[in-house]
Amino acid sequence: MSDRIFAGLWLALCLSGMVIAWQIQSEYSYEPVGPRPFPMAILGLMAICAVLMLFRKPDTIHWPAHSTLKRLVALAAMMMLYGWLFEMLGFAISTTLLTFGIGLLFGARWWAAALSGVVMGSTLFYAFDRLLEVTLPVGSWLS
């Protein structure tokens, strides 16, 4: 039953998002199709998945163990902390800390989590900032 409630709510959100996305207008034409098709396509695919979820046979629900729920709450807290510290610490440092925390959460040794955090933070910053030319925050603590 909870699957159908979720699917119904998700379908309602997708449909309202499609109404909002349909109203997207651009002041100038910078692409042949404009900015509207991408959100419409994503929301349309999500709506199709919600409809399929509404009509499928429900599964028996087995709640995860208490330790798994604790890890999920810790992961959600780390993601919120990542978003909160993103501009202050910058992309590289906040991504390094997030990767380190997720590594520890999934049972990595501290040195392996730290190494993967440093590699992930610096590599992703270089890839986005230099190769893809996406402007990322370097941190307000540096300026």
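1. Let me start with helix H4, where the buried residues are Phe91, Ser94, Thr95, Thr96, Leu98, Thr99, Gly101, Gly103 and Leu105. Buried here means under 20% relative accessible area, exposed means over 50%, and partly exposed is in between, with a 1.4 Å probe and protein chains only. Helices are DSSP runs (H or I, at least four residues; strands are E, at least two), numbered from the N terminus. Those buried H4 residues pack against helix H3 (66-89) and H5.

2. A word on what we're looking at: this is a predicted model, in which local features need pLDDT of at least 70 and side-chain atom pairs count only at pLDDT 80 or more, while totals for chains, interfaces and linings use all residues. Residues are numbered from 1 along each chain as its sequence is written, and side-chain values use heavy atoms, with hydrogens and water left out.

3. The length of H4 checks out. Its 15 residues should span 21 Å at 1.5 Å a residue, and the end C-alpha atoms are 21 Å apart, which agrees. The expected span is 1.5 Å times one less than the number of residues. After H4 comes Gly107, with a positive phi near 90 degrees.

4. Thr95 is worth a click. This residue sits in H4 and counts as buried because its relative accessibility is 6%. Setting aside neighbours within four places in sequence, Thr95 is in contact with Tyr82, Met120, Gly121 and Leu124. Contact means heavy atoms within 4.5 Å.

5. Now H3 against H4: the two pack at an angle of about 170 degrees, with their axes 8 Å apart. Axes are lines fitted to C-alpha atoms, for helices over the stretch in contact, and angles run from 0 to 180 degrees between N-to-C directions. H3 and H4 are therefore roughly antiparallel to each other. For that label, angles under 35 degrees count as roughly parallel, over 145 as roughly antiparallel, 65 to 115 as roughly perpendicular and the rest as oblique. Residues making the contact include Met78, Tyr82 and Phe86 of H3, and Ser94, Thr95 and Leu98 of H4.

6. How do H4 and H5 meet? They pack at an angle of about 145 degrees, with axes 7 Å apart, and H4 passes H5 in a right-handed crossing. Among the contact residues are Thr95, Thr99 and Gly103 on H4, and Ala113, Gly117, Met120 and Gly121 on H5. A crossing is left-handed if the near helix is turned anticlockwise from the far one by less than a right angle, and right-handed if clockwise.

7. H5 (residues 110-131) has 22 residues, which at 1.5 Å a residue should span 32 Å; the end C-alpha atoms are 30 Å apart, which agrees. Its buried residues are Ala113, Gly117, Gly121, Phe125 and Asp129. Seen down the axis of H5, these fall within an arc of 90 degrees, so they line one face of the helix. The arc is that of the directions from the helix axis to the C-beta atoms. As background, an α-helix has 3.6 residues a turn, so residues three or four places apart point the same way. H4 (91-105) is among what covers the buried residues of H5. On the other side of H5, Leu115, Arg130 and Leu131 are exposed. Just after H5, Glu133 takes a positive phi of about 55 degrees.

8. Leaving out neighbours within four places in sequence, Met120 is in contact with Thr95 and Thr99. From Met120 to Leu98 is 22 residues in sequence and 9.8 Å in space, C-alpha to C-alpha.

9. Over to the N-terminal pair. The axes of H1 (residues 2-22) and H2 (residues 37-55) come within 8 Å and cross at roughly 160 degrees, and the two are therefore roughly antiparallel to each other. H1 passes H2 in a left-handed crossing. Contact residues include Trp10, Leu11 and Cys14 of H1, and Leu43, Met46 and Ala47 of H2.

10. Cys14 lies in H1 and is buried, with a relative accessible area of 2%. Neighbours within four places aside, Cys14 is in contact with Leu43, Met46 and Ala47. Cys14 and Leu115 are 101 residues apart in sequence and 40 Å apart in space, C-alpha to C-alpha.

11. Finally, Pro58 falls in the loop between H2 and H3 and, at 37% relative accessibility, counts as partly exposed.
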